[in-house]
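Reader: I have a model open and want to learn to read it. Please take me through a sheet, a helix and an interface.

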6 protein chains.
Amino acid sequence: MLKPNIESFIGCDSDYENADIVLFGTPFDSTTSFRPGARFGCSAIRHESFGLETFSPYQNKDLTDCRIFDSGDLELCFGKAELALQDIEDRASEILKDNKLPVMIGGEHLVTLGSVRAVYRKYPDLHIIHFDAHADLRNDYLGAELSHACVMRRCHDLLGDNRIHQFCIRSGEKAEFVFAEKHTDIHLFSFDGLDEVVEYLQQSQIPVYFTIDLDCLDPSVFSGTGTPEAGGVPFSQLLTALIKVSRTNIVGADINELAPMLDSSGVSTAVACKVLRELLLAVSH
Amino acid sequence: MLKPNIESFIGCDSDYENADIVLFGTPFDSTTSFRPGARFGCSAIRHESFGLETFSPYQNKDLTDCRIFDSGDLELCFGKAELALQDIEDRASEILKDNKLPVMIGGEHLVTLGSVRAVYRKYPDLHIIHFDAHADLRNDYLGAELSHACVMRRCHDLLGDNRIHQFCIRSGEKAEFVFAEKHTDIHLFSFDGLDEVVEYLQQSQIPVYFTIDLDCLDPSVFSGTGTPEAGGVPFSQLLTALIKVSRTNIVGADINELAPMLDSSGVSTAVACKVLRELLLAVSH
Amino acid sequence: MLKPNIESFIGCDSDYENADIVLFGTPFDSTTSFRPGARFGCSAIRHESFGLETFSPYQNKDLTDCRIFDSGDLELCFGKAELALQDIEDRASEILKDNKLPVMIGGEHLVTLGSVRAVYRKYPDLHIIHFDAHADLRNDYLGAELSHACVMRRCHDLLGDNRIHQFCIRSGEKAEFVFAEKHTDIHLFSFDGLDEVVEYLQQSQIPVYFTIDLDCLDPSVFSGTGTPEAGGVPFSQLLTALIKVSRTNIVGADINELAPMLDSSGVSTAVACKVLRELLLAVSH
Amino acid sequence: MLKPNIESFIGCDSDYENADIVLFGTPFDSTTSFRPGARFGCSAIRHESFGLETFSPYQNKDLTDCRIFDSGDLELCFGKAELALQDIEDRASEILKDNKLPVMIGGEHLVTLGSVRAVYRKYPDLHIIHFDAHADLRNDYLGAELSHACVMRRCHDLLGDNRIHQFCIRSGEKAEFVFAEKHTDIHLFSFDGLDEVVEYLQQSQIPVYFTIDLDCLDPSVFSGTGTPEAGGVPFSQLLTALIKVSRTNIVGADINELAPMLDSSGVSTAVACKVLRELLLAVSH
Amino acid sequence: MLKPNIESFIGCDSDYENADIVLFGTPFDSTTSFRPGARFGCSAIRHESFGLETFSPYQNKDLTDCRIFDSGDLELCFGKAELALQDIEDRASEILKDNKLPVMIGGEHLVTLGSVRAVYRKYPDLHIIHFDAHADLRNDYLGAELSHACVMRRCHDLLGDNRIHQFCIRSGEKAEFVFAEKHTDIHLFSFDGLDEVVEYLQQSQIPVYFTIDLDCLDPSVFSGTGTPEAGGVPFSQLLTALIKVSRTNIVGADINELAPMLDSSGVSTAVACKVLRELLLAVSH
Amino acid sequence: MLKPNIESFIGCDSDYENADIVLFGTPFDSTTSFRPGARFGCSAIRHESFGLETFSPYQNKDLTDCRIFDSGDLELCFGKAELALQDIEDRASEILKDNKLPVMIGGEHLVTLGSVRAVYRKYPDLHIIHFDAHADLRNDYLGAELSHACVMRRCHDLLGDNRIHQFCIRSGEKAEFVFAEKHTDIHLFSFDGLDEVVEYLQQSQIPVYFTIDLDCLDPSVFSGTGTPEAGGVPFSQLLTALIKVSRTNIVGADINELAPMLDSSGVSTAVACKVLRELLLAVSH
């Protein structure tokens, strides 16, 4: 008897009960103000992952040895951000309730807020490690407080001062940098300072939400994103950094902002797949 | 002394006071559920119009002989459709108050609702002539009532039965066609029946809002749109039809749903420019 | 408990036991001599089908009222055409054995041979209705007898004279046209003659395999294919023709030769989805 | 001993001495005012012609039965139009001197002037048959008299009134249409009137230069050109028309304005190849 | 009363009288010998700049604190390079006469000659700092002395020996390198030697024209240009170098050779915008 | 008398008899399992090489001073890998028999096997230097032993242990890395260890086949390839490495895996041209 067509990220073939890690996609970009298309990111990553190997020579590990379940994409409402965020929060909560690690694939960066809300409810002493080109600390964007450009500001509303550790930031309004100096732990342009942050979080076993806006990468290697920003980090540095972060107590994670319509060569999608593979291998034990 | 850089749709160089017709753009596509990018339509149409002549051999008229003012694009909020619609309604109202004809360039089709609200307030006996591939008569789309897929349903909420005349429709849910049979004047696949509708409206001098979703065109000549639908009308038929409609008492108009990111050849943008030129010439006296 | 990610062609959500029709994809283009990429056709059709409605205003039918199962794509060997054909034949045979109708999504046109072999074994009096721009009647192509350019010749090897009915053909070597005149029922450029063929087949209840090379369509509406050939038929004619053919006793069918890499606007994929929807509705009872 | 790499338009493998027809390419687009790239047209046509068959089922003729030599592309100076035109005139003159038919592949439309100058010197009673979307009758374009937009005006300078027969014209300044009414034989939008023109020219055995700006085709089937203009003719009508024209005494011909950079699907290049094949077969005896 | 649509580079909203710096665009690429399209560079930079912030975290400065006026694009003649250069020279002269700094956005590199002529007339002791992948020192290109490939040679005709300081050069004919060794101050592959040059020019307060051919950047981060040349400098090095150069007495500047048609991802345009922002901030006091 | 159109890689204009080096192209990608198109690599490299200079400032050498003959592309059978490999082997053998150096332009990487077979027959003590992102050491791929993913394994079948020196490898199945540890001289991620390998081979004057899969480069600078793999080497390192390798006794060489359909900006093709120029200059004496 023939089977239906199941599509999962490569090597993520565990069933839900036995899984330690649960993937889910959030195809949403309704607040993207410049070039849209991040809604297609999660689906493209899953679809193109079959061009990747399950084995990583960097970590000498294989996805087929991990227990990961891919639950597919949510169906999210466009034009009403709050509804979409609620659905994301619900999915993350369900995974957390079953004591599994939620790993989300965006979508625009606003989706992180849904997942952080769920994780924060379970872990009120949560810190966030945030890799991004943009500070995302605006209070509102053209009147909208639920916008990709405000997502870290909304997270700060929840977590308070000095619990958001930002790296590679190289773009923002002047006011965002002024805000960051007072309220977040911001590191411009690079991963300088990450060793210290990781060591501190690791020693105190503080729960960490890890969000990677893929546009922290240099647009030379990751051009397929809504707002590419020259002067980013190379892939090798991101790889080293994420392995480093995986030594902390990660309780939730996401990658976001791949926009496949802007990726005519397919390289950005391939890079996103590889980052996700390495992230999954790094947080898998 | 050097002048600033003014960019208008070709030949629309009147000043506001002397203008009969006022163009404005509505770069909004936040509710687009499939492939986004219509937000860039109005800007692309203005920008690429310099590849077009101001003279039409079809109507033997020249835009430089008309009095048209291009007021540029609104800056619209993403992620909160109601806010964007309010801004659109305000712009259309201002133009109507000054007794000029508002001609809007979308954006996704939802923007039509903002403009129709303003026109309807001034002309409560308004009818709508609607060219489109899609019925746009859903009651809601994934929970959102303000969605491109619902825009004619929202217009029907305002105008009531038998005042929306739909042509070229070839896609929709079964429920939409059932609704249309009872509540709108729907014409499938083609412009069949347009002559009668125009004659009726013309004779009674009923005020008409004219909305052209450019995807009524066959995707062969208009591929650059979010949801292309095979089996559309050729350019020549659309041209004939719009000239026909211009014989009615048009009190507001728009074209919408060009998505330039999906138009790698530039043909769809060129077609949109030409449709707009012919529309402006047709409604200009 | 979360569910795995099942991806089917829109509205094809029956389970296998209850299905009348079974879809399967054959991602193969290893013999394509000009521009490759048809291997991605079946996956793109399934993936992009969610931009389509399940309801057809042309046939006034809805896919959700049919019993169709989508069994996903085969994993086919590249570089050894015979191996791939064997796997295709096996899949079609399994479906036929269970008394269901196999509908295949290519892939390059050579895949039809695998399916025809299976169908022919069950129905030795089989005829083929073949829509295509190309005659596909070469004896070999650069030494390969299993080539997309030879597929109808190989089918003729099985079925013999006057059982292959070819329509819309507008390209081929001189020798192919000479061969066709003697051995097949060829109709150049259009669907002229289809009425008679259908009537004959329908009256005798002859089993029919129906293969649609989508490049029979004009490249204006179907540009995303390896060897586009100007002068094809418009979508509306193909639609009429396929509904006509559905009145015969169809025992197997396929559509093929969509190459999504060549379809930057997405229109060709949308057209392919619509053709498949109409085909499924037409053969569903 | 290995041979060098000769690249010719498919089936044009005669040597120069025995050839009746000589092809040459003119990779020039220096005066193109809107979107450039026609310089790559001739090379793309030659290169992609191997995706075409040498046999035409429309004319039941085969290029391999004709005597055609492909002399490759000229190397033309950019930024100085007069120099480029001189080189083109020289090449055409050399071919005419050897009593062969020059068939040129552009390039932007200005290249026609070089070829017409050579042909006109040999045949002072020359007429021109001109298929185009644009009238090309401006006196100058931003100060340049040697511009693609002026090419037919420059030809009129040579030939005088009523010897240029224009078809499919649907774009131009008002002044161009006024000029045309007095000085050329202009036919708007279609091939209406071609029968009469051909009959007249054929009966008087007047020498004819035949220039096809491929943008006379509808952009649906020929999008890859600098200034696409909706409302053009379909391929089948162009095919019929060019076969008709071939009954006159053609002494020079060209096709032009393919811009491959704007042809991401490759369809326009394939169409141009097919038009050239049919043209060569039609003028070959 | 509604206002017309003014489009300026982001944050350049001063009026002309109060401006210190005046931007102007030169949409010209008529002599480009390989892949054209730089004509669209200036317009794309202005248009896409709204995806950028006005604030630079690199220089801790904001464009809204500067006094910059954007005078839009010139309308330049194609096919006659000398005419275009004259218009450019006139524009630069007018700005210089009003004691403002002209900053030009190309266009192909030949446009620099127009601007340099104007600046040189005012500052006869002018030096040029030239960042580029190509030496641009040919005496002529296929007979044309006014060609992008000759622009620095023409500047040398004006300024004489040892006043052109070239960096990052990695492509040219052998003869160009031989010429450079005798007549210019050439630095291959990198910015090595820039410190010394800047120190010398700064101390002597020599007036400097600063021209950045953006293809000095590595094609990984700047692919959208006519003649990409592997082995270029990363963005961070260009940024450091341009800030360094801004310490000299800059009396004219330009960036050039963005070809947006070749920039499907939009990254090159975003990079060009960022380079221009940083250049404007650096030369603004 | 006009000449036919000869197209060679730039500067490779020697005749066969006098040539030291003979280029040939192998347009084959029939076993490519992920994204096809490498078949067009050799043709694109030849065609686009005219955008390159013949002079290298890196090596201070000029192609016009070398004796290189370009014999064009083979016509290879698709769908039967063994037939294609035989034709490649024959061509390489013919060149070797005439005591010239065969330099092949792929095509997918499997083509290397054809050339290695010919070279190995003449030089049984052959070693291979292999630059690649992928180990290419699978025993079979979906049942096919002649697959791009197996090419180095097939070479190992011929040469035996420790004669294949692999660099920059960063992708493969776990089993490939296990195999490599025992049987090949593998170097992960970079060119570390190349100095020692070159010194050893140089001193013993061991004949070397040098194969460059261009995807060893980082996808930032070489995105146009079927399976891009982040974390590659920059162009400058590849350049240094290939000059180093040229000090050994090279008896055959190739570059492969450019897929121009995936290179919308043209940068990858330009990079491939430059690598080939540098390789030809390096091995030319």
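Author: Start with pairing: two strands pair if DSSP finds at least two bridges between them. Helices (H or I, at least four residues) and strands (E, at least two) are DSSP runs, numbered from the N terminus. This is a predicted model, where local features need pLDDT of at least 70, side-chain atom pairs count only at pLDDT 80 or more, and totals for chains, interfaces and linings use all residues. Residues are numbered from 1 along each chain as written, chains are lettered from A in the order written, and side-chain values use heavy atoms, without hydrogens or water.

Reader: How many bridges join β6 to β9 in chain D?

Author: Strands of a sheet pair through backbone hydrogen bonds, either parallel or antiparallel. Here, 5 bridges link β6 (residues 127–131) and β9 (residues 207–213) of chain D, and the two run parallel. His127(D) has Val208(D) in β9(D) as its bridge partner.

Reader: What is the strand order in the chain D sheet?

Author: The sheet is open, with 8 strands in parallel pairing: β4-β1-β5-β10-β9-β6-β7-β8. β4 (68–73) and β8 (185–188) of chain D each have a single partner strand, so one side of each lacks a neighbour in the sheet. From one strand to the next, the twist averages 15°. Angles run from 0 to 180 degrees between N-to-C directions, with axes fitted to C-alpha atoms, for helices over the stretch in contact.

Reader: Which strands does helix α4 of chain D touch?

Author: Contact means heavy atoms within 4.5 Å. Helix α4 (residues 151–159) of chain D touches β6, β7 (164–169) and β9, at about 165° to β6(D).

Reader: Which residues of helix α6 in chain C are buried?

Author: An α-helix has 3.6 residues a turn, so residues three or four places apart point the same way. Buried means under 20% relative accessible area, exposed over 50%, partly exposed in between (1.4 Å probe, protein chains only). In α6 (residues 194–203) of chain C, Leu194(C), Val197(C), Val198(C) and Leu201(C) are buried. They fall within an arc of 95° (directions from the helix axis to the C-beta atoms), so they line one face. On the other side, Glu196(C) and Gln203(C) are exposed.

Reader: What area is buried between chain A and chain B?

Author: The size of an interface is often given as the accessible area lost when the parts come together. Buried area here uses a 1.4 Å probe and is summed over both parts. The value is about 1700 Å², with 62% from carbon and sulfur atoms. Pro36(A), Leu142(A) and Met261(A) lose the most area in chain A, together 28% of what that side buries.

Terms used
Buried area is the accessible area (1.4 Å probe) that two parts lose on being put together, summed over both.
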